[in-house]
Number of protein chains: 2
Amino acid sequence: MEEAQLLDGRYVAGQIHRETMEAVQRLRRKGILPCVVFIRVGNHPPSELYVRMKQKKAQEVGIQSEVISFPEDVSQKEVLDNLNRLNLDPSIHGILVQLPLPSHLSEKQIALAINPKKDIDGFHPLNLGKMLLGEKDCFYPCTPLGIQELLKRYKIEIEGKEVVILGRSNIVGKPLAALFLQKSKYANATVTVVHSFSQNIKEHCRQADILIAAMGKARFVTRDFVKPKAVVVDVGVSRIADSSSPQGYRIVGDVDFDEIKKIASWITPNPGGVGPMTIAMLLANTVKAAELSQP
Amino acid sequence: MEEAQLLDGRYVAGQIHRETMEAVQRLRRKGILPCVVFIRVGNHPPSELYVRMKQKKAQEVGIQSEVISFPEDVSQKEVLDNLNRLNLDPSIHGILVQLPLPSHLSEKQIALAINPKKDIDGFHPLNLGKMLLGEKDCFYPCTPLGIQELLKRYKIEIEGKEVVILGRSNIVGKPLAALFLQKSKYANATVTVVHSFSQNIKEHCRQADILIAAMGKARFVTRDFVKPKAVVVDVGVSRIADSSSPQGYRIVGDVDFDEIKKIASWITPNPGGVGPMTIAMLLANTVKAAELSQP
């Protein structure tokens, strides 16, 4: 039997990076230098790594970037004061606060304090509400947007298809449902969201033309969850112990790739699928912010 | 065979009105007089009727109300200037702009111009975004909220159930999906949204434990759409010609009530189901706005 084809997020992200680079050059010719500020708090090695990766990619496409690192015990007020300053600074187009934050800080209040016009993560409720309404002059969260873009570039039809989303997080499941049920191109899907309280999870998944696994449960989706020839997108990121790896762990997704590639028509590798798309959309959002900032 | 029991929106709305009246009295004892302003534009008899009904109900529960009626050709700026004044006036807790508006006005811009803390309709994108995130310090749209409340008062279980929503409007389908998939009491459902682009609409509907029809297509949902013992909620409002009626038309819902009451376990009458609940939640939201306005 034929194996599933790969939805190669690394490859598509590379294409998008080149397009972003061209858009940055056009803006620079008009005298606009897109600029993003990353905010980090405390010592959290994965956050440091993520910010470094994002900054490196921003640099590659010609976006100026700055990292503000606060000590672990920074006060809410200090973070908010800095956000206010950045919100008002016209030379800064995008602001990203790397999550998670220490527990004494309110992620909710901090997300609300970012100028929605600079909210390149698309986490501000104003942007999420506009997305739910189908508006375009706003920022959509990067992972849902990256999944849509990945399917679009591989000409996977979404309209009228059965899309089943496993998981209802605020950064993936819920906004992805909002995105895919819109009356618009590359959407218009019949969307079902299943989660920990759902009964018949497997039966729902088996009805999916496009199955998106975003629960964060290592290899939850096994072969019997997938309809033959379905399109399978794996958003999950879990660490499992692996003594053969130098770090002692390895990253696995929500999908049992080796089994499911035998029956799906398309499948994302993980890593190398949704992850690179998320960063690509973050930089695309930064360019959009710079473009929209012009009167 | 036993007939479906009625989800009597008029009766439950009456209960809620009494509770709202008590809440208003508590606020008045603290020196707060809840006040709502209704804004109307032009001559549109159904809008006039809706505003009159809302004002009458507000009056009954002790909420002060005011109606501002603009001529058909009012400018966007005049509406926005008035909204700004009302937004800043601390004696006004709720603002409602009756839709639809004449085509020269931007409903989108006007919705955005209402102070989200006075947005008792729950149509401001900030409130919709907060709802999607599962936050509580905000206003949810009245029809979805009224449906949830109606099911709750009749002790219809929602958690873990298959909820199928027919229709994806910005005021019913989309926010209702957002509401029912939250990780919270009276939610936690497996939610599917079907719409004009969906295939297998009937098959989806037949899987619903709770079927919510909000397409606005007269009697679209016939007997073969409904699983025996399902709960059926009819949100639709369509006019059909009826020479026996004094107006020459009558209002029918999306559901073929007479047939479906024979197989459902619970069903909303229409009228008398979701409609009265919507107004009840509007007034409950007004009281919430007055309560939240206190420091």
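**Close-up views of a predicted model**

**Figure 1. Surroundings of Gly167(A) in the predicted model.** Beyond the residues up to four places away in sequence, Gly167(A) touches Gly173(A), Val193(A), Val194(A), Ala214(A) and Met215(A). The model shown here and in the other views is predicted. Gly167(A) sits in the loop that joins β5 and α7 of chain A. Its relative accessibility is 6%, and Gly167(A) therefore counts as buried, the cut-off being under 20%. An unreviewed UniProt entry includes Gly167(A) in the annotation "binding site", together with Arg168(A), Ser169(A) and Val237(A).

**Figure 2. Contacts of Arg168(A) with chains A and B.** Arg168(A) is located in the loop between β5 and α7 of chain A. With a relative accessibility of 11%, Arg168(A) counts as buried. In chain A, and leaving aside neighbours within four places in sequence, Arg168(A) is in contact with Gly173(A), Lys174(A), Val193(A), His195(A), Ser196(A) and Phe197(A). From chain B, Leu181(B), Gln182(B), Lys183(B) and Asn188(B) are in contact with Arg168(A). Arg168(A) is also among the residues that the unreviewed UniProt entry lists under "binding site".

**Figure 3. Helix α7 of chain A and the elements around it.** Helix α7(A) spans residues 173-180, and eight of its eight residues are buried, so the helix is largely enclosed by the rest of the structure. The buried residues are Gly173(A), Lys174(A), Pro175(A), Leu176(A), Ala177(A), Ala178(A), Leu179(A) and Phe180(A). Within chain A they pack against helices α5 (125-133) and α6 (142-153) and against strands β5 (162-166), β6 (190-194) and β7 (210-213). Helix α5 (125-133) of chain B also packs against these buried residues.

**Figure 4. Asn127(A) in helix α5.** Asn127(A) belongs to helix α5 of chain A. The residue is buried, with a relative accessible area of 3%. Not counting residues up to four places away in sequence, Asn127(A) touches Pro116(A), Asp119(A), Cys138(A) and Phe139(A).

**Figure 5. Crossing of helices α6 and α10 in chain A.** The axes of α6(A) and α10(A) (residues 274-292) come within 8 Å and cross at roughly 105 degrees. The two helices are therefore roughly perpendicular to each other. On the α6(A) side the contact is made by Cys142(A), Thr143(A), Leu145(A), Gly146(A), Ile147(A), Glu149(A) and Leu150(A). On the α10(A) side it is made by Val274(A), Met277(A), Thr278(A), Met281(A), Leu282(A) and Asn285(A). By class, the contact has eight nonpolar, four polar and one charged residues.

**Figure 6. Crossing of helices α1 and α6 in chain B.** Helix α1(B) (residues 9-29) and helix α6(B) (residues 142-153) pack at an angle of about 100 degrees, with their axes 10 Å apart. The pair is therefore roughly perpendicular. Helix α1(B) contributes Gly9(B), Val12(B), Gln15(B), Ile16(B) and Glu19(B) to the contact, and helix α6(B) contributes Glu149(B), Leu150(B) and Arg153(B). Three residues of this contact are nonpolar, two polar and three charged.

**Figure 7. The annotated domain of chain A.** For residues 141-292 of chain A, an unreviewed UniProt entry lists "domain: Tetrahydrofolate dehydrogenase/cyclohydrolase NAD(P)-binding". Over these residues the chain is 32% helix and 18% strand, and the end C-alpha atoms are 17 Å apart. Chain A as a whole has ten helices and eleven strands. Of its 295 residues, 56% count as buried.

Technical notes
Residues are numbered from 1 along each chain as its sequence is written. Chains are lettered from A and ligands numbered from 1 in the order in which they are written. This is a predicted model: local features need pLDDT of at least 70, side-chain atom pairs count only at pLDDT 80 or more; totals for chains, interfaces and linings use all residues. Side-chain values use heavy atoms; hydrogens and water are left out. UniProt positions are given in the numbering used here, feature names are shortened, and annotations may be inferred rather than shown by experiment. Helices (H or I, at least four residues) and strands (E, at least two) are DSSP runs, numbered from the N terminus. Axes are lines fitted to C-alpha atoms, for helices over the stretch in contact, and angles run from 0 to 180 degrees between N-to-C directions. Angles under 35 degrees count as roughly parallel, over 145 as roughly antiparallel, 65 to 115 as roughly perpendicular and the rest as oblique. Contact means heavy atoms within 4.5 Å. Ala, Val, Leu, Ile, Met, Phe, Trp, Tyr, Cys and Pro count as nonpolar, Asp, Glu, Lys and Arg as charged, and the others, Gly among them, as polar. Buried means under 20% relative accessible area, exposed over 50%, partly exposed in between (1.4 Å probe, protein chains only).
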